[in-house]
Amino acid sequence: MAQIIDGKALSAQVLQQVASDVALLKDEHGIVPTLAVVLVGEDPASQVYVRNKIKRAREVGIGSKEYLLDANTTQNELAQLIDALNDDAQVHGILVQLPLPDQLDEDAVIASIHPDKDVDGFHPLNVGALAAGRDTLVPCTPQGCMIMLHQAHPDLSGKHAVVVGRSNIVGKPMAMLLLQANCTVTIVHSRTRDIESLCRHADIVIAAAGRRELIDADWIKPGATVIDVGINAIEIEGKRKLVGDVAFEAVSQVAGAISPVPGGVGPMTIACLLLNTTRAVTRQLSVEHGA
Ligand code: NDP
């Protein structure tokens, strides 16, 4: 039976670190790190995500400002809000909850956030910095996966990692971080041939396809580490349940270590968002002081 990589417990450790960073920023600089969260429309899943992020922020002493905008908000209206938040010295991190309604150009919105306030790490400058191996604000989900992986493998050097999925939010930044940790990285996606055999050769599999229980036990090398990013809602006997991209019961008989859904990557993502908020403050302070 595989070791369970407990995202809930690990995220509590990260949040403890964030809380002590927040206390230090208050003591030494009189700063209350503050996160602005912008939600356009009334998508129920997005509402839940936003509520959780704000709740966790408050628990660690991070201030929050919530902007709930009408589903019909125009590009110009959203741009004006982001400009104002960029200019507001009391706001250190800006998060625009995705996806946005169809009339809004997501890329333009992301690019309009100041890179030093881009706590999601999606701004093209931060994406480029990550690809170039520079210190930057890194997307939260892959950052959380790396903390989880380090728990199973203190040294990732030379490991073969397969990342299932190539999205800008998870797959691609995940691959960059694994490369930085000296892994040999394969990215697979919906057009890849024979994904199973590629996965079977991997020491590490990161599942981020958004396909319910896509990855079964015969895809996994005995002893491999499996991180399940997927969140898929299913209904069993009228009850809503979340499952990952990995067939947990079967794969945990083969893998050496595995993260569950729920209680795995989800809590780590929020913890890393708050970690990024304190990092954003530090970046802004160092710019202020000309470092
Ligand atoms: P996207 O839909 O943007 O990307 C999915 C990727 O998986 C695409 O690259 C796609 O390939 C690939 N893919 C789809 N089907 C298959 C398949 N059968 N075999 C191989 N590859 C496949 O999703 P995201 O990256 O945004 O999210 C992935 C999953 O992670 C979702 O379930 C999402 O809910 C979850 N998630 C969880 C988070 C957390 O905090 N735990 C945070 C973010 C996401 P192609 O490019 O060819 O279409």
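Reader: What pLDDT does the protein average?
Author: This is a predicted model, in which local features need pLDDT of at least 70, side-chain atom pairs count only at pLDDT 80 or more, and totals for chains, interfaces and linings use all residues. Residues are numbered from 1 along each chain as its sequence is written. pLDDT is the predictor's confidence in each residue, from 0 to 100. 100% of the residues score at least 70, and the average for the protein is 97.

Reader: How many helices and strands does the secondary structure come to?
Author: Helices (H or I, at least four residues) and strands (E, at least two) are DSSP runs, numbered from the N terminus. By that count the protein has 10 helices and 11 strands.

Reader: Why does the protein count as being as compact as a globular protein of its length?
Author: The radius of gyration is taken over C-alpha atoms, and the globule rule is 2.2 Å times the number of residues to the power 0.38. For 291 residues the rule gives 19 Å, and the protein is close to that, so it is as compact as a globular protein of that length, with a radius of gyration of 19 Å.

Reader: What part of the 291 residues is buried?
Author: A residue is buried if 20 or more other C-beta atoms lie within 10 Å of its own, exposed if 12 or fewer, and partly exposed in between, with C-beta atoms placed from the backbone. Under that rule, the buried part of the 291 residues is 44%.

Reader: What distance separates the centres of domain 1 and domain 2?
Author: The bounds come from an automatic or database domain assignment. Domain 1 covers 29-114 and domain 2 covers 140-266. Taken over C-alpha atoms, their centres are separated by 29 Å.

Reader: Which residues does UniProt list for the catalytic domain, and how much of that span is helix?
Author: UniProt positions are in the numbering used here, feature names are shortened, and annotations may be inferred rather than shown by experiment. The unreviewed UniProt entry lists "domain: Tetrahydrofolate dehydrogenase/cyclohydrolase catalytic" at residues 5-120.

Reader: Which residue of β4 is the bridge partner of Ala 36?
Author: Strand β2 (residues 34-40) runs parallel to β4, and 4 bridges join them; two strands pair if DSSP finds at least two bridges between them. Strand β4 (residues 93-96) is covered on both faces, with Gly 93 and Leu 95 buried on one side and Ile 94 and Val 96 buried on the other. The partner of Ala 36 is Ile 94.

Reader: Is Lys 65 buried or partly exposed?
Author: Lys 65 lies in strand β3 (residues 63-69). Two residues are in contact if their C-beta atoms, placed from the backbone, lie within 7 Å. Not counting residues up to four places away in sequence, Lys 65 touches Thr 34, Ala 36 and Val 91. It has 15 other C-beta atoms within 10 Å, so Lys 65 is partly exposed.

Reader: Which strands stand at the edges of the open sheet of 6 strands?
Author: The sheet has the order β1-β11-β8-β7-β5-β6, with parallel pairing. One side of each edge strand is left without a neighbour in the sheet, because each has a single partner strand; the edges are β1 (3-4) and β6 (184-188).

Reader: Which residue in β6 stands opposite Val 163?
Author: β5 and β6 run parallel and are joined by 5 bridges. Opposite Val 163 stands Ile 187.

Reader: Where does UniProt place the feature "binding site", and is Gly 165 buried or exposed?
Author: The unreviewed entry places the feature at Gly 165, Arg 166, Ser 167 and Ile 231. Gly 165 is in the loop between β5 (160-164) and α7 (171-180). Not counting residues up to four places away in sequence, its contacts include His 189, Ala 208 and Ala 209. Because Gly 165 has 24 C-beta neighbours inside 10 Å, it counts as buried.

Reader: How does Ser 167 count, buried or partly exposed?
Author: Ser 167 is also found in the loop between β5 and α7. Not counting residues up to four places away in sequence, Ser 167 touches Lys 172 and Ala 208. With 16 C-beta neighbours inside 10 Å, Ser 167 counts as partly exposed.

Reader: Which elements do the buried residues of α7 pack against?
Author: α7 is mostly covered, with 7 of its 10 residues buried. Among them are Pro 173, Met 174 and Leu 177. The buried residues of α7 pack against α5 (124-131), α6 (140-152), β5, β6 and β7 (204-207).
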